[in-house]
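Student: I would like a close look at one part of a structure, followed by how that part sits in the rest. Please keep it to what can be computed from the atoms.

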Amino acid sequence: LTMPGYRQRIMLIRLQPRRDDRTAVAFEDVASALDAGLPPPMLGADPAAGDRILPGLFARRQLDLDEGEVLVLIAAWRSGRAPDALRHLARQRRQRAEFARQLLASLRYPVLLVLVAMLVSFVVRTLPGLAFLPVLVGAGVALGAVALWFGLRALRRGSAWLHSVPLVGEVAQSLAELSYLEVLRGLYSSGVPLLQAHPQAAATCPVADAQSRLLAADRILQQGRPLAEALVQVEALHPETRHLLAVGEQAGTLEDALQRALTRRQAVASVGAAQLSRWIGGACYVFGCLVAVYVIFRVYGSYGAMLRGVLK
């Protein structure tokens, strides 16, 4: 899938709402043009790109696509369902943008509070007893940044200990499944048989542990076993997801079940991320309060000492 101007990316958390909105608009524009009967070369695509004509078109427009989106667009073009696939991908991009906006908005105040605390520490450092305050505040901020980095690193790798952390484990589980469900739903709805679509979807999972479980489930699936049974056997995906897929597979409505599972995981991830951001905000608020209390006590303590010296 390597193409000029195309950069493969598998990301767990994406916080670029403007870029996602721009890509969603481009998806909808091309879908509308194809429905109107306009050929892709008229839109700027390379006619020699073959099945990869749509990914190539967006690469020429300098839009970065995820690996899963490229797979879906190739399959949809082959099956003649490109407009529907493009509109579905546009909806996913808009949901991603809204998720990013909510998360960034919830973190705006905590970040501002930490920056104010750092500024205050530099302003009051000339006062008696506060010379080392910028060092203490900087150390606290650095410690928090390192903890956040390690947390995101563990989240991306799917570290086992995350599942024992309240709320974090639920968010990690949901985020790990989103790419897989999006791609599997997109490929399956584009007419790709399940046995061909599943290994491609499993490979796009951004979390190592979750991906290894999905690939193990795929080996069972390729032996002719039902998807739900394979997922249960290796304990892949959330129990809710496995239940929805099992019901859909038995009823012959797997595509609808994949969409419902995807919607459910998106909702869980959104709610969980909002709660996590409130936790981070609370921690930042406590940090700011501690800095303020420390400054107040040190300043008034020094003034009190000076006053007692004068009275003596």
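Which residue forms a salt bridge with Arg185, and how far apart are the closest N and O atoms?

Tutor: The partner is Glu255, and in this predicted model the closest N and O atoms of the pair are 3.8 Å apart. The cut-off for a salt bridge is 4 Å, and the pair at 3.8 Å falls within that limit. Arg185 sits in helix H7, which covers residues 168-189, and Glu255 in helix H12, residues 254-311; the pair links distant parts of the chain, 70 residues apart.

For Leu54, the contacts beyond four places in sequence are Val30, Leu34, Leu73, Trp77, Ala82 and Leu86. In soluble globular proteins, nonpolar side chains tend to be buried together.

H12, for its part, gives the most to a nonpolar patch, with 3 residues. The patch lies on the surface and is formed by Tyr109, Tyr285, Val286 and Leu290, with about 450 Å² of accessible area together. Tyr109 is found in helix H5.

The side chains of Asp21 and Arg101 meet at 1.9 Å, N to O. Asp21 lies in helix H1 (residues 17-35) and Arg101 in helix H5 (residues 82-123), so this pair ties together parts that are 80 residues apart in sequence. Asp21 is buried at 18% relative accessible area, while Arg101 is partly exposed at 35%. In the other bridge, Arg94 pairs with Glu28 at 2.8 Å between the closest N and O atoms. Arg94 is in H5 and Glu28 in H1, so the pair connects parts 66 residues apart in sequence. Here both ends are partly exposed, Arg94 at 34% and Glu28 at 33%.

A search of the whole structure finds 16 salt bridges. Some share partners: Asp20, Asp66, Glu69, Arg93 and Arg96 are joined into one network in this way.

As for the setting, the chain has 12 helices and 0 strands. Of its 312 residues, 45% are buried. Among contacts between residues at least 6 apart in sequence, 67% join residues at least 24 apart. The accessible surface comes to about 16300 Å², with 63% of it belonging to carbon and sulfur atoms.

On confidence, the chain averages a pLDDT of 82, and 86% of the residues score at least 70. Residues 1-9 stay under 50, and the model has 29 contacts beyond four places in sequence for that stretch.

Conventions:
Residues are numbered from 1 along each chain as its sequence is written. Side-chain values use heavy atoms; hydrogens and water are left out. Helices (H or I, at least four residues) and strands (E, at least two) are DSSP runs, numbered from the N terminus. Buried means under 20% relative accessible area, exposed over 50%, partly exposed in between (1.4 Å probe, protein chains only). pLDDT is the predictor's confidence in each residue, from 0 to 100. Contact means heavy atoms within 4.5 Å. Patches are made of residues with over 30% relative accessible area and no salt bridge: like charges are joined within 9 Å, nonpolar side chains (Val, Leu, Ile, Met, Phe, Trp, Tyr) within 5 Å. Accessible areas come from the Shrake-Rupley method with a 1.4 Å probe; for residues, only the protein chains shown count as cover.
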